[in-house]
Amino acid sequence: VANTAHSAAKLGLHSAPWAQLWTGLGQAVPPLLRDFTPQALANTAWAFVRARRATPSMLEVIATEALPRLGEFKPQELANVAWAYAAADHVPASVTLFDSAFARRCDESGPGFDDGSLFQLHQWVVWREQELGMADGLPSPELRARFLAAFAARASPRTRLHRQVRDALHSLGLMPREAVRLPEGYLLDLVIQWRGSDVVVQVDGPWRFAGRRPTGTTLVRRRQLTRLGWRLLPLPHWEWSALSPERGGAKKMQTYLLYALEHRVI
């Protein structure tokens, strides 16, 4: 069951046609959690959160089962479970899963973390430290520096879509700043001044969606940026692509941006 959920989430099978699969998995998983291995627990949490199908009750049971077995969790499993709770914005109520014992386990596992795990753990640290205000019980500064470096190294591609949005903003006299790096590691696509405040214009390409549903990573990014004080305008790729300049869409692009800036900034 855990392997099926993990595979479905990894393949991006999150949208409405797959709802029945996730409903079935959601019914099958809870009675089995007490018999899951650490890998199965971590993969289940990660999969259900990534597919946006996790429930608070499921996450509570996973936390309860994971806590006494943290010593058995391998590096990827630590990263998966940490990211899942950060992405779900769920602090377990029944147990304290993320404390000094979890931090020590991360420090002990440090050499085994690959770049993907380091990326996930950085979003977890931002959640704990910046969103929840919990500076205690975090891994060592040296390991957190590795989290940040791996996170900052993963840049989104600068595509034709990005260039079109940038040029359209220029044509409106908004003079966007490009590739603004935050201390928390996030790289902001385009930043403009609008109605007296900074707005991040987020060019959301296909890699940020499963179908037309934002992935878990995309939703964490949006939430963390807004909680860090940024106003955000996400531009989904399919809406922008429909405004092709080759079909006289330059004026439509401007109109679309002005409407979005007035009504869709979060």
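Guide: In this predicted model, a pocket is an open set of grid points with protein on both sides within 12 Å along at least five of seven lines, and its lining residues are those with an atom within 4 Å of a point.

Visitor: Which residues of the lining lie nearest the centre of the largest pocket?

Guide: The largest pocket holds about 700 Å³ of space, and 29 residues line it. By class, this lining divides into ten nonpolar, twelve polar and seven charged residues. Those that lie nearest the centre are Arg50, Phe119, Arg154, Trp207 and Thr217.

Visitor: Which element gives the largest share of the lining of the largest pocket?

Guide: Several elements each supply at least two residues of this lining, among them the helices H1 (2–10), H3 (38–50) and H5 (75–88), together with strand S2 (187–194). Helix H8 (141–153) and helix H10 (216–227) are also in that group. The largest share, which amounts to four residues, comes from H7.

Visitor: Is Gln123 buried or exposed?

Guide: Gln123 is found in helix H7, and, leaving aside residues up to four places away in sequence, it touches Trp83, Ala86, Phe151, Tyr186, Thr217, Val220, Arg221 and Gln224. The relative accessibility of Gln123 is 1%, and the cut-off for a buried residue is under 20%. Gln123 therefore counts as buried.

Visitor: What volume does the largest cavity have?

Guide: A search of the whole structure finds one cavity of 30 Å³ or more. Its lining is made up of Ser156, Pro157, Arg158, Thr159, His162, Asp189, Val203, Trp207 and Arg208, with three nonpolar, three polar and three charged residues. The volume of the largest cavity is about 50 Å³.

Visitor: How far apart are the end C-alpha atoms of helix H9?

Guide: Helix H9 runs over residues 160–171 and has twelve residues. At 1.5 Å a residue, H9 should therefore span 16 Å. The model agrees with this expectation, since the end C-alpha atoms of H9 are apart by 16 Å.

Visitor: What arc do the buried residues of H9 cover around the axis?

Guide: The buried residues of H9 are Leu161, His162, Gln164, Val165, Ala168 and Leu169. They lie on the same side of H9, because around the axis they cover an arc of only 165°.

Visitor: Which elements are included in what covers the buried residues of H9?

Guide: The buried residues of H9 include Leu161, Val165 and Leu169. Strands are included in what covers the buried residues, namely S1 (177–181), S2, S3 (197–204) and S6 (231–236). Helices are included as well, and these are H11 (237–241) and H12 (250–263).

Visitor: How many of the 13 residues of H3 are buried?

Guide: The end C-alpha atoms of H3 are 18 Å apart, which agrees with the 18 Å that its 13 residues should span at 1.5 Å a residue. The buried residues of H3, including Trp46, Phe48 and Arg50, pack against H1, helix H2 (19–28), H4, H5, H7 and H10. H3 is mostly covered, and the number of its residues that are buried is twelve.

Visitor: Which residues are buried in H10?

Guide: H10 has twelve residues and reaches 16 Å from its first C-alpha to its last, which is close to the 16 Å expected at 1.5 Å a residue. Just after H10, Gly229 takes a positive phi of about 105°. The residues buried in H10 are Gly216, Thr218, Val220, Arg221, Arg222, Arg223, Gln224 and Leu225.

Visitor: Phi of Ala179 is near what value?

Guide: Ala179 lies in strand S1. At 38% relative accessibility, Ala179 counts as partly exposed. Its phi is positive, in a residue other than glycine, and near 50°.

Visitor: By what distance are the C-alpha atoms of Pro56 and Ala88 separated?

Guide: Pro56 is found in helix H4 (residues 56–66) and is exposed, with a relative accessible area of 52%. Along the chain, Pro56 and Ala88 are 32 residues apart. Their C-alpha atoms are separated by 8.8 Å.

Conventions:
Residues are numbered from 1 along each chain as its sequence is written. This is a predicted model: local features need pLDDT of at least 70, side-chain atom pairs count only at pLDDT 80 or more; totals for chains, interfaces and linings use all residues. Side-chain values use heavy atoms; hydrogens and water are left out. On a 1 Å grid over the protein atoms alone, a cavity is a set of points where a 1.4 Å probe fits but cannot get out, and a pocket is an open set with protein on both sides within 12 Å along at least five of seven lines; lining residues have an atom within 4 Å of a point. Grid points are joined across faces, edges and corners, and a volume is the space filled by probe spheres set on the points. Ala, Val, Leu, Ile, Met, Phe, Trp, Tyr, Cys and Pro count as nonpolar, Asp, Glu, Lys and Arg as charged, and the others, Gly among them, as polar. Buried means under 20% relative accessible area, exposed over 50%, partly exposed in between (1.4 Å probe, protein chains only). Contact means heavy atoms within 4.5 Å. The expected span of a helix is 1.5 Å times one less than its number of residues. The arc is that of the directions from the helix axis to the C-beta atoms.
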